[in-house]
Amino acid sequence: MGQFEPPRAAAPRIVYREARAQDGGDQAEVFHHAVMQGAMSHYSLAAREAWAAVLPREASAWVARHALYTTLVATCDGRCVAFLELDAPRGYVESLYVWPSLARRGIGSALLGHAERMVRERGGERLSIDASLVMADGLERNGWRRVREEWVERGGERLPRRHLEKPLAPQPA
């Protein structure tokens with residue numbers, strides 16, 4: 001008998017689009033799990049609990065934010081598994097969260113790529129973000145420049161983060 005090689009699991013199919021009201025519940029869960037599980041190696045339990053408590057774990061709170069920010073989502077099988085909130089006029093990424101088991105697969109980078117394109121199309125010359133320690137090093141390896149280190153207070157806990165910027169190349173003519 002010949003060797004048998006088991007079939008490889010296909011990578012999940014990710015679709016990128018603007019957020020819809022039905023994504024709010026998934027956004028709440030992505031945020032909660034990204035903070036509580038995904039940030040475990042960088043922040044204490046008390047810090048993560050304070051961070052997670054900043055926004056309610058309710059769909060309506062996240063849907064309300066759609067009016068404040070351009071919200072881009074990554075979906076898998078119709079469910080939001082990552083999202084980015086963009087203040088396009090300011091060229092500022094308000095938030096970026098990926099479901100922990102899908103982290104480090106390029107989903108966040110793809111969302112950032114879409115945000116960069118949107119800001120560039122509006123004539124923006126740079127994108128900025130206040131990055132948690134979870135993603136700051138990766139962003140710096142990918143062309144983001146550290147402007148400053150800072151601390152943010154959440155529920156009596158001080159959490160370190162980095163303010164980063166990325167210059168945007170002009171769009172080709």
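The model is predicted. Six aromatic pairs are found in a search of the whole structure, and ring pairs join F31, Y43, W51, W62, F83 and Y97 into a cluster.

**Helix α1**

- Helix α1 covers residues 24–38, a run of 15 residues.
- From first C-alpha to last, helix α1 reaches 20 Å, which is close to the 21 Å expected at 1.5 Å a residue.
- The buried residues of α1 are G24, D26, Q27, A28, V30, F31, H33, A34, V35 and M36.
- Among the elements that cover these buried residues are the helices α2 (45–52) and α3 (59–65), together with the strands β2 (70–76), β3 (79–87) and β4 (92–98).
- F31, one of the buried residues of α1, also belongs to the aromatic cluster.

**Aromatic pairs**

- Among the six aromatic pairs, W51 and Y97 form a tilted one, with 6.4 Å centre to centre and 55 degrees between the planes.
- Because W51 lies in helix α2 and Y97 in strand β4, this pair ties together parts that are 46 residues apart in sequence.
- W51 counts as buried at 11% relative accessibility, and Y97 is buried with a relative accessible area of 14%.
- W62 and F83 form an edge-to-face pair, with 5.2 Å centre to centre and 70 degrees between the planes.
- This pair links distant parts of the chain, with W62 in helix α3 and F83 in strand β3, 21 residues apart.
- Both W62 and F83 are buried.

**A charge over a ring**

- R90 places its charged end over the ring of Y92, at 4.7 Å from the ring centre.

Key. Residues numbered from 1 in each chain as written. Predicted model: local features only at pLDDT ≥ 70, side-chain atom pairs only at ≥ 80, totals over all residues. Heavy atoms only, no water. Helix = DSSP H or I, 4+ residues; strand = E, 2+ residues; numbered from the N terminus. Expected span 1.5 Å × (residues − 1). Buried < 20%, exposed > 50% of the residue type's maximum accessible area, 1.4 Å probe, protein only. Contact = heavy atoms within 4.5 Å. Phe/Tyr/Trp six-rings, centres within 6.5 Å; stacked < 30°, edge-to-face > 60°. Lys NZ or Arg CZ within 6 Å of the ring centre and 35° of its normal.
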